[in-house]
Amino acid sequence: MGSSFRIPIDIGILPDLRCLRLQLQCPKSNTLIASGHVFWLPNSANPPTQIEALQIIVHSTTTIPDSRTFFCNGEADDQTTWDILHSDVLREKHPRLRRITLNFNLEILPAEYDDQDGTLSLSYLSHHLASDLRVLLAPPDTTSRIDISVSLDVVFESQRLNRLVI
Amino acid sequence: MLLGLDLPPEIVELFIDGLSIHLGEIDSLRTLLSCALVSRSFSFPARRKLFSSIHFSMNPPILSPPESRFTRSRDSLFQRIGSFSNLIDAGGALVLLIRELHINVDRGCFILEQQSGLHKVLDAVSHRSKNFETFSMSGPFSRPFSWNSIPTGTMESLTETILLPSLRHLAFVDVEGIPISMVINHPCPLSLSLIRSRFALHPRPSESSSLLCLKSLWVDRYMRDFVDRFCRYRRNLHVEHLKAAIFDRQDAKAVWKFIQETKDCLASLDMYVRALLCMLRHH
């Protein structure tokens, strides 16, 4: 990471903070930007926060709509880059957290999304990406009481819209 | 009485509320105008919707969808402002229905000229409206205008309107050199939005120890300038909701500095982060 741009904001100093909303505008990339490139949860000496609602909105552009690789950082260990939002991880520092809302707005550029028939099912792609997202945030064996809402809005670049099969 | 039906007021209200959602459409506007004339029971709720939010613009969105680029002439704009001013002067309690005032400044800043008559509308609102809550002013996109370029008469009326105790929401878009005194001297907690807008740089600021309450604050662009020109002179801040756009490390530092100033009362934090810089450096 070196001199990468991180936000030096420790929300642990905000005793009354109830709602945290982050909108991330990511550059074009074949993988989703790693959460740690933008924000991270430090092991702060501050007491646990009072946050009740966390909303993250991600605007991203990609050329490879493959859920197997998109949510990984492309490194050898194939570790997900968004495990920071795993409910078990969050619960430790944010015991009052009751709701996580994650909205992905994913724009897919042309030249990469055609399958063998020349078209790609938007609903199929959205379904798989959304499923992967939910698994990232709340694996089936999790017993969290946090209400997790994930939405994924996949759009193809506007000039290719007439080729979609939805 | 409508077609022999005596509708309960709450049903009429629901009907009118449903129309007002689509006030941006010309058909809904026409329907509301008809409702204002159809019967006594429909008249007041319809007029309340029609006059609750007033927009002054040379490019009225209701008549000019983006593709049409309809623009009024300077004379036409002045005529319409004059007609509206006469209407609220003659309309008795009509001015009490005005809750929001939105001014879109054209590239020539014609609307701010003394001849436009805008100051008459503002004076009517500031002197007679008890329910006025929201004021916004937008400059031409990508060509922000300076507050100092506003003619004296219009500026005085604007200042008086903004300082109304009933005002709760104040927004500037593409405006430079806004007097910081309008916020600092405001008698009640405000929700303040500064979109691509900046306060004026005060050459000799005075330190104030009084508490400044802002219900919410939204700063998009110029976060560093905001902190530099605002927070430096105000130590006692009470901000409950903060929304900020962060484009680089300096913006992030400015947000962090602001948060530290008001950390004990911040209940919600909403940040827009552009991660482009991060990725460029990373690779």
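Leaving aside its neighbours within four places in sequence, which residues is C19(A) in contact with?

Reply: The model is predicted. Apart from neighbours within four places in sequence, C19(A) is in contact with E52(A), A53(A), A267(B) and S268(B). The list therefore includes residues of chain A and residues of chain B, where contact means C-beta atoms within 7 Å.

The setting of this residue may be described next. C19(A) belongs to strand β1 of chain A, which covers residues 19–28. Its surroundings hold 15 C-beta neighbours inside 10 Å, and C19(A) therefore counts as partly exposed; a buried residue would need 20 or more, and an exposed one 12 or fewer.

Two packed helices are described by the angle between their axes and the distance between the axes. Helix α4 (residues 74–90) of chain B and helix α5 (residues 118–128) of chain B have axes that come within 8 Å and cross at roughly 25 degrees. Because angles under 35 degrees count as roughly parallel, α4(B) is roughly parallel to α5(B). Their crossing is left-handed. On the α4(B) side, the residues that meet α5(B) are I81(B), F84(B), S85(B), I88(B) and D89(B); on the α5(B) side they are L118(B), K120(B), V121(B) and A124(B). By class, this contact has 6 nonpolar, 1 polar and 2 charged residues.

Helix α5(B) also meets helix α6 (residues 152–162) of chain B, and the axes of these two come within 9 Å and cross at roughly 25 degrees. That angle makes α5(B) roughly parallel to α6(B). The crossing of α5(B) and α6(B) is left-handed. From α5(B), the residues L118(B), H119(B), L122(B), D123(B), V125(B) and S126(B) take part; from α6(B), they are G153(B), T154(B), S157(B), L158(B), E160(B) and T161(B). The residues of this contact divide into 4 nonpolar, 6 polar and 2 charged.

Finally, helix α3 of chain B, residues 40–52, has 13 residues. From its first C-alpha to its last, α3(B) reaches 18 Å, close to the 18 Å expected at 1.5 Å a residue. The buried residues of α3(B) are P45(B), A46(B), R47(B), K49(B) and F51(B).

Key: Residues numbered from 1 in each chain as written. Chains lettered and ligands numbered in written order. Predicted model: local features only at pLDDT ≥ 70, side-chain atom pairs only at ≥ 80, totals over all residues. Axes fitted to C-alpha atoms, helices over the stretch in contact; angles between N-to-C directions. Helix = DSSP H or I, 4+ residues; strand = E, 2+ residues; numbered from the N terminus. Parallel < 35°, antiparallel > 145°, perpendicular 65-115°, else oblique. Left-handed = near helix turned anticlockwise from the far one by under 90°. Contact = placed C-beta atoms within 7 Å. Nonpolar A, V, L, I, M, F, W, Y, C, P; charged D, E, K, R; others polar. Expected span 1.5 Å × (residues − 1).
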